[in-house]
Amino acid sequence: MEASLAPQASSSSSAAAAANHSRKRKRSAPHEKAKRLKTEQVGDEELQRGRASGPPRVSVLLDRLQQPITLQELTELLHYAALGKPCGIKQPSWCRLHHQKKVHRVNVAIAEGLTQSHFYKHYLTLQHLRTNYSTRVTFTPSSETIASGIFRSEVPKGDWSPAPSLQSPLQKVVNQHPVVKTFGKQKRGLTAYVLSKEEMIKKHYPVKGMIGFEEFVCTDSSDSVTDHSPLFGIDCEMCQTVNGHELTHVSLVDSSGTCLLDELVKPRNQIIDYLTCFSGITAAMLHPVRTTLRDVQARLRMLLPNDAVLVGHSIDCDLAALKLIHPHVIDTSLLYKREYGQKFRLKMLAEAVLKRQIQTDKQKGHDPLEDALAALELAQYFIQKGPAQVVELHLENLWGYTVVDTAPSDCEPAPSPINRFSDILQTLGRSVAYLGKRSHVELDLSKQQWHKSDKELLASFKRQTNQPFFSVAQFSSFSNQLKLLGLHQEQQHESACADLRDMCVVFAGPFPVGFSERDVRRLFRCCGPIQRIRTLNRVHARVEFQLLEGATLAVKTLNGLSVQGQSIKVRRPVHESTLDLDVALDTLTEDTSNTCDLYAVKLRRSQAERIRNPPEINRHTPEVKCSGTSANGLPPSETDCEHLQLTEETFRETFSRFGAVEDVVLLPKPEIKAQHANIKFESSEGKQAALSSSADLQRENYLICPSVTPRHLASWVAMATSTGVDGEAAEETTRRHSSSQDEELIPILAKLDHRLGKLFQSLPEGTLSVVLLPGLSSGSSLLPGLCLMEVKRDSRGERTC
C-alpha cells in the first residue's frame, strides 16, 4: 500500500534536515497553535456574520466525532438546516452546518433494518453510500418511530412564535419557562415523563448493554409501559467504603404511599465513613444487620410488576447504589426544572409544592421512606396538574418570579405557540412530505405517500416536479427481506460482528516451544492495541487487534521475523469473509474520511531495535531491564524504563515536515512499549510524502501505514462486539449459518444502495441529504446505527479532506 511519490534523500542529509526542522518546529509550536486557534475563531466569526464564502457543508466537532448521536441531536441539525438563524435556531451542539443560508432543501432517507455493522461488513457493495457521503457518525437507536419523531420534534421559539402583543405578561413567562419548553403546555399521561433509553444513556443512567453496567441486575420489566402503569417511589442512602459509595438503606412505596420495603443493608466492603449527617446510619445500627445487596435486589425484582415505573429524585444515584437496571423511570429532579440545568433539592420541592417539611434539622440524617414518598407525590402532582399549571401555581414560591398580569379583561386568551417542527415549516410556507410504508407518522395525511416497495417510492419521488422543502423517505426492502428469510436483525448483527473481527485478526507462527501468550503479546503490541490472543497447537497464535491498522502493520513488519533463530510467518485468516479483504482495505484507504489520514506508532528504542535487528527472545528473561542492559543487549535509555509520554505536538513536529498537519488524535490508552496516533494532513500529498519516507521514519522508531479505521469509530473491534455469541466456535457456526443467507441479501443491499443513489441524484443542488441506518433498539438489544450526511453540490464541486 506504500506510495512512492516523494524523492528519497540520503539518510544523513535527511536526518540533518529533520533535526533542523524539528528545532524550528519546537520554537514555533506555541505560535503555530495560537495561529490555528485564531484562524478558527476568525472563521467562526465570519460564518456568524454571513461573510464566509464557499459551498455549504457539514462537519462533526472533533470532541464529538467518536460519540454516538441520538435522534434528538439529529433533529437539532435538521431544525437548524431548515430554519436557521432567521428563525432564532442555533447551531447544533455536536456538529457545524457551514453556510446554512445556501441550503435550499432537506431530505432524510431511512434504510430500515440496517445497522452500522452492516455498512462496514458490506462496505464494497454499498458503493453510493461510501463514496458520496463524506461525514459519518454513529447513531444511537431510537425506540420510537424515527419519521414521526422528526416531524413532531419541538423547536425552540423563534420568529415564528405568536406576536408578543397577543400574550399577557404571565403567558410570556410561562411559555418561556424551562419546564414548559421541555414538556409542552398540555396535560399528558405518565408515559410522557418516563425517560427514553436515549435520554438515560446520555445522562449516564444504568442501561442494559452499556459499558460500566455489566454486573448490574435487571428487573423483569416489559418493553413498554402505559399511562395506567403503577408508580413506585424509591430512595436509598449510602455510606463511604474503601470501594466507594455503597448501599446502607433502601425504601420502596407503592402508588398509594404504602411502604413495601424499608431495609438496612450491610455493605460488602469495609466502611470508612457512615455519612451519618446525610444517611442517618451509625455503626451500632448496622452491626446486627445481615441483609446484603443481593437480598435487596431479589426483593425488588419480586415486588415490582413487569410494567412498574420507578420514581425518585436523582434516581440514577439510587439505581447505581442498588446496582439495578430498570428501563422505566421518572426523575423528579428533571420534572421541576430550573434555568441553566440546575436542580432543586427534594427538601425544597416538598416544602414549596407539597407543603411538607422533610429532612429537618431535628432529624439525624435523611429518612429514605419519607424521601421516597415525597418523590412519588411530586410526580403524581406534576402528572395530575400538567406542566403549564404547575408553573403557574408555583411560579413565585418555587421559581421566584413575580408577574403582574396587565392584560385587559376582555382580551381573548392568546393561542398556544406552535412548537412542532412540521407545523412550523408549514406555517412558514415550506412544504413537507413523508414517503414510505404505511406507519404511525404524526403528519397530515395529505402530506403522506404510502408505498408498498422501494421501487414505487423512488418513482414517486422522482415524478415530483416541485420537490418538497423537507422530506423523509423510508426504504424498507432490506427489513422486509429479513422477514421473508425468517432472519432476525440480531442474527445478522452476529454475522457482521464475526466477519468484521476477522479483518482485525492475524495468525502467526511457528514460535519456539514454550513461547507463551504473554510473549506473543509483548512481540505484537508494537503494531497496535491488542484485543485478545489465543495460542494454537502450542506453536502458533491467533492475534486479534482492536484496529485494522494493527493487523496491517503486523503483516507488514513482523512477517519473516526471526524469533530465537526461528523465522515466523504472519498471515491473515482465510475465510469466506476475507476473500476480498485486500480490495476492502485499499477501498477503505481511499475512503473520503481517510484520504488524508495516516496511522503512526512511536516505539521505544528497544522495541524498534527488536524489529530492525531481531533479538533472541527468552521467555524467562525480562524484556527490558532498568539497569545494566536491555534484553537485546543495548544500554537502556530513560524512555526504555518508562511509558512513552508523548503529546500531540511530538507527532505534529515529526510529521509536519511532509505537509501541513490538521490535527493529531492519540489513542486514549497507550501501550507500555508504544504510543499510537492518527495523523490528519490538510492534503493527501502530505500523507503520500510520509508513506514514501517510511524507511526513514522507521529509523526514527516510527511505524506507519494508511489509516483504514473510520474516524468516528474509536475501535473497529468495539463496533463489532458480539451481543450474544461467545467463543470462536460459536462464531464459526454463525459464519457458516449466515454465508448462504448473505448471498441472498447482497443483491438486495446492492439494489437498495443503487436506489439511494438515484434518490441522491434527483435532489436539487444545495440539498442537505441525510441517510440514516437506524440500528436496532429492543428490550434485549442495542445495535448501533449510522448517520451519513452530505450537502449535494454540482459536479464541479470539489471535495477536500
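# Exercises on helix packing and strand pairing

Helix α2 (residues 71-82) lies across β3 (105-111), β4, β15 (470-475), β26 (767-773) and β29, and runs at about 165° to β26. Contact here means heavy atoms within 4.5 Å; axes are lines fitted to C-alpha atoms, for helices over the stretch in contact, and angles run from 0 to 180 degrees between N-to-C directions. Helices (H or I, at least four residues) and strands (E, at least two) are DSSP runs numbered from the N terminus.

The model is predicted: local features need pLDDT of at least 70, side-chain atom pairs count only at pLDDT 80 or more, and totals for chains, interfaces and linings use all residues. Residues are numbered from 1 along each chain as its sequence is written, and side-chain values use heavy atoms, with hydrogens and water left out.

## Exercise 1

Give the strand order of the seven-stranded open sheet and name its edge strands.

Solution. Step 1: the order is β4-β29-β26-β3-β15-β13-β14, with mixed pairing; two strands pair if DSSP finds at least two bridges between them. Step 2: β4 (135-139) and β14 (448-450) each pair on one side only and are the edge strands. Step 3: from one strand to the next the twist averages 15°. T138 stands opposite L786 in β29. Step 5: helix α18 (residues 454-463) lies across β3, β13 (432-436), β14 and β15, at about 160° to β15.

## Exercise 2

Describe how α14 and α15 pack, and which residues meet.

Solution. Step 1: α14 (residues 346-353) and α15 (residues 368-385) pack at an angle of about 55°, with axes 10 Å apart. Step 2: the two helices are therefore oblique to each other; angles under 35 degrees count as roughly parallel, over 145 as roughly antiparallel, 65 to 115 as roughly perpendicular and the rest as oblique. Step 3: L346, L349 and V353 in α14 meet D371, A374, A375, L378 and Y381 in α15. Step 4: the residues of this contact divide into seven nonpolar, no polar and one charged. In these classes Ala, Val, Leu, Ile, Met, Phe, Trp, Tyr, Cys and Pro count as nonpolar, Asp, Glu, Lys and Arg as charged, and the others, Gly among them, as polar. Step 5: L346, L349, A350, A352 and V353 are the buried residues of α14, buried being under 20% relative accessible area (1.4 Å probe, protein chains only). Their cover includes α13 (332-335), α15 and α16 (387-394).

## Exercise 3

How do α15 and α16 cross?

Solution. Step 1: their axes come within 6 Å and cross at roughly 110°. Step 2: α15 and α16 are therefore roughly perpendicular to each other. Step 3: Y381, F382 and K385 in α15 meet P387, Q389, V390, L393 and H394 in α16. Step 4: this contact has five nonpolar, two polar and one charged residues.

## Exercise 4

Why is strand β18 largely enclosed, and which strands pair with it?

Solution. Step 1: five of the six residues of β18 (residues 540-545) are buried, so the strand is largely enclosed by the rest of the structure. Step 2: four bridges join β16 (residues 505-509) to β18 in antiparallel fashion, with A508 opposite A541. Step 3: β17 (residues 530-536) pairs with β18 over six bridges, also antiparallel, and I533 stands opposite V543. Step 4: β17 and β18 form a hairpin with three residues between them, where N537 in the turn has a positive phi of about 55°.

Methods
Buried means under 20% relative accessible area, exposed over 50%, partly exposed in between (1.4 Å probe, protein chains only).
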